[in-house]
Amino acid sequence: MTRWGRVVMIVAAITVGGGVAVRGLSEEAPRHQLPAPADGRSKVVGLCDGETSVTVTGLAPGERMAPDKAQAVASELMGKYDAKLQVAHGGTEHTQRETRVWEAELKRVVDEGYKLFHSPEIGTNGISCDMCHPDASITHPETYPKFQSQLKKVALLRDMINWCIENPLEGPKLADDDPKMRAMEAYILSTRKGVPLDPGKH
Amino acid sequence: MPKYVLPKERERQEYQEARADLLQALPHLSRRDFLSMSAQAAAVATVAWKGFPPHSFQLINVAEAKETAPKFTIAYVSDTHILDKGLTHRFVRACQKAVQDVNALEPQPDFVLFGGDLAQLGKPEELSIGQQILKDLKAPVRMMVGEHDWYLDMGEKWREMFGEPTYSFEHKGVHFIVLNSVIVEDYWTEPKMTPMQRMLAMAQLDNPHGRPFTVGEAQRDWLKKDLAKVNKKTPVVVFSHSPLYKYYRPWNFWTDDAEQVQALLAPFATVTVIHAHTHQPLTNRFKNITFHGVLSTAWPWPYAPKGLPELTVQMVRADPFNQFDGCGWGTVTALQDGQVNKRYNLWDRNPMDVTFEQVSKGRKGMEQLAAQLKGNISWPSY
């Protein structure tokens, strides 16, 4: 075969392959499986979420709905959709999968914080946070930010955490964006869920 | 055969005793009694001046003051939680500070109770450092064990260094009992925990998988036999690491068989429990038993979110920027009638006195104490 012949063959193969692939994609694209209409005078209208549908009756085959009937159908569809909505987030519902992911990730960070809070490795003298603060008691994170008179400045929770790390624990302080600091804050705050915020309370 | 004492000699002895009693009672007289006595003394002096020499000092009835007069004092140092991280570690320094303070007492206490948790992780090095520091105490020492001392090796090193953890002794008419009240049901053998894993599990106060402290059946049997030999009118003082009542289970501020232990103590007229473990001033009373907590030298604990005994006047929360705040040592003064007055020697704060008189008046008595200390009887947990 000539060199030109070989090039043609390769391009043809890519085209055919691509075409097959594209057709495959279009064949695998999700389709809203609408239930079949009951009789010739009914029509099933599907919503863009791929799940919700409404049956419209009293239509002649091929008849176009009048505007008010069409509006009633649209409103019914949206009504059904709103009823399913769990969290309004720009109008999009959170899926169960998303909820599971974020709860697992939050738990991971809080558990990491719990571990650090109970670890003698944060400091250098064997003391861990939970020794003075069992169950993160007496940390009162809901009172921050506040003027910490002993520091002579307004402190955030992380400033107090760092003070404790450097002083009673004699350890190196953590950067504000250190994952360990974030995890410890997450754990401490999680223990005060439901306690009203009271920043500035001393 | 008793030595015959001449009437004049006997009279002199009685006079000396009465004089000594009066001089001892004088500082403890209430204002009312003092004024009454002064008036009577003035009256007698007037009569005496007229030629009627008084030779007896029994002018007034000091019986009331006498019962609440102090008989003897002991001191305590407790919950030192020593770590083997060098001799400048804050826990070591705090233990030394307490020893120095006790040694500075004048007069010296009759003995010093060590309340338990000498070591933090039960290591021989930690126990040794603690023992060395306590050796500097001038007064004799009575040791009590805590869970931090015990659970690395189930008390092997402790017994070697300090003897059996459970014992009793008499002192000036009071029956003292020392218990090992940190017995916990075995939860480490089945999951094959190493000794250090077991120790760390016991060391974590907020361990969600922890099991409650008990005195246990064997020790309750021992206690029953020990108390059988004691007269019901003899004052009893029990030293215990766990509180011998139920305060807050999640932090093991708790003795699970408290009711059974209290039942064994119920027949006695005056019983006081001095307990450690909680690192905070605590006062409780149940029937015939008064309970007092002791301070830690190492760190203070917050009051638990619930279960606080209603008689307790809470100390104001510690300042974390002061490493000794909320910590300290203290004394227990046994009174003539067998009850006790408790003193908390908080470092960098005024001492806190909880007298039996206040405790016997219930919450009203404690509210007066709170007003004196500018403390708060119902401070919210924070």
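Two residues are taken to be in contact if their C-beta atoms, placed from the backbone, lie within 7 Å. From helix α3(A), the residues A:Val109, A:Val110, A:Glu112, A:Gly113, A:Tyr114, A:Leu116 and A:Phe117 meet A:Lys180, A:Ala183, A:Met184, A:Ala186, A:Tyr187 and A:Ser190 of α6(A). Sorted by class, this contact brings together 9 nonpolar, 2 polar and 2 charged residues.

Two packed helices are described by the angle between their axes and the distance between the axes. Here, helix α3 of chain A spans residues 96-117 and helix α6 of chain A spans residues 179-190; their axes come within 7 Å and cross at roughly 95°. Angles of 65 to 115 degrees count as roughly perpendicular, and α3(A) and α6(A) are therefore roughly perpendicular to each other.

Helix α6 also takes part in the surroundings of another helix of chain A, α5, whose buried residues pack against α4, β3 (146-148), β4 (153-155) and α6. Of the 10 residues in helix α5 (residues 157-166) of chain A, 7 are buried, so the helix is largely enclosed by the rest of the structure. These buried positions are A:Leu157, A:Arg158, A:Met160, A:Ile161, A:Asn162, A:Cys164 and A:Ile165.

On the scale of the whole chain, chain A is divided into domain 1 (43-84) and domain 2 (108-190). The C-alpha centres of these two domains of chain A lie 56 Å apart.

Among the contacts in chain B between residues at least 6 apart in sequence, 71% join residues at least 24 apart.

Between the chains, 14 residues of chain A are in contact with 16 residues of chain B. On the chain A side, helix α4 (residues 129-132) gives the most, with 3 residues. The residues of chain A that touch chain B divide into 6 nonpolar, 6 polar and 2 charged.

Finally, a word on confidence. The model scores ipTM 0.80 and pTM 0.75. The pLDDT of chain B averages 89, and 87% of the residues score at least 70. Residues 50-64 of chain B have a pLDDT below 50, and this stretch has 20 contacts in the model beyond near neighbours in sequence. Where pLDDT is low, the predicted coordinates should not be read in detail.

Technical notes: Residues are numbered from 1 along each chain as its sequence is written. Chains are lettered from A and ligands numbered from 1 in the order in which they are written. This is a predicted model: local features need pLDDT of at least 70, side-chain atom pairs count only at pLDDT 80 or more; totals for chains, interfaces and linings use all residues. Helices (H or I, at least four residues) and strands (E, at least two) are DSSP runs, numbered from the N terminus. Ala, Val, Leu, Ile, Met, Phe, Trp, Tyr, Cys and Pro count as nonpolar, Asp, Glu, Lys and Arg as charged, and the others, Gly among them, as polar. Axes are lines fitted to C-alpha atoms, for helices over the stretch in contact, and angles run from 0 to 180 degrees between N-to-C directions. Angles under 35 degrees count as roughly parallel, over 145 as roughly antiparallel, 65 to 115 as roughly perpendicular and the rest as oblique. pLDDT is the predictor's confidence in each residue, from 0 to 100. Domain bounds come from an automatic or database domain assignment. A residue is buried if 20 or more other C-beta atoms lie within 10 Å of its own, exposed if 12 or fewer, and partly exposed in between; C-beta atoms are placed from the backbone.
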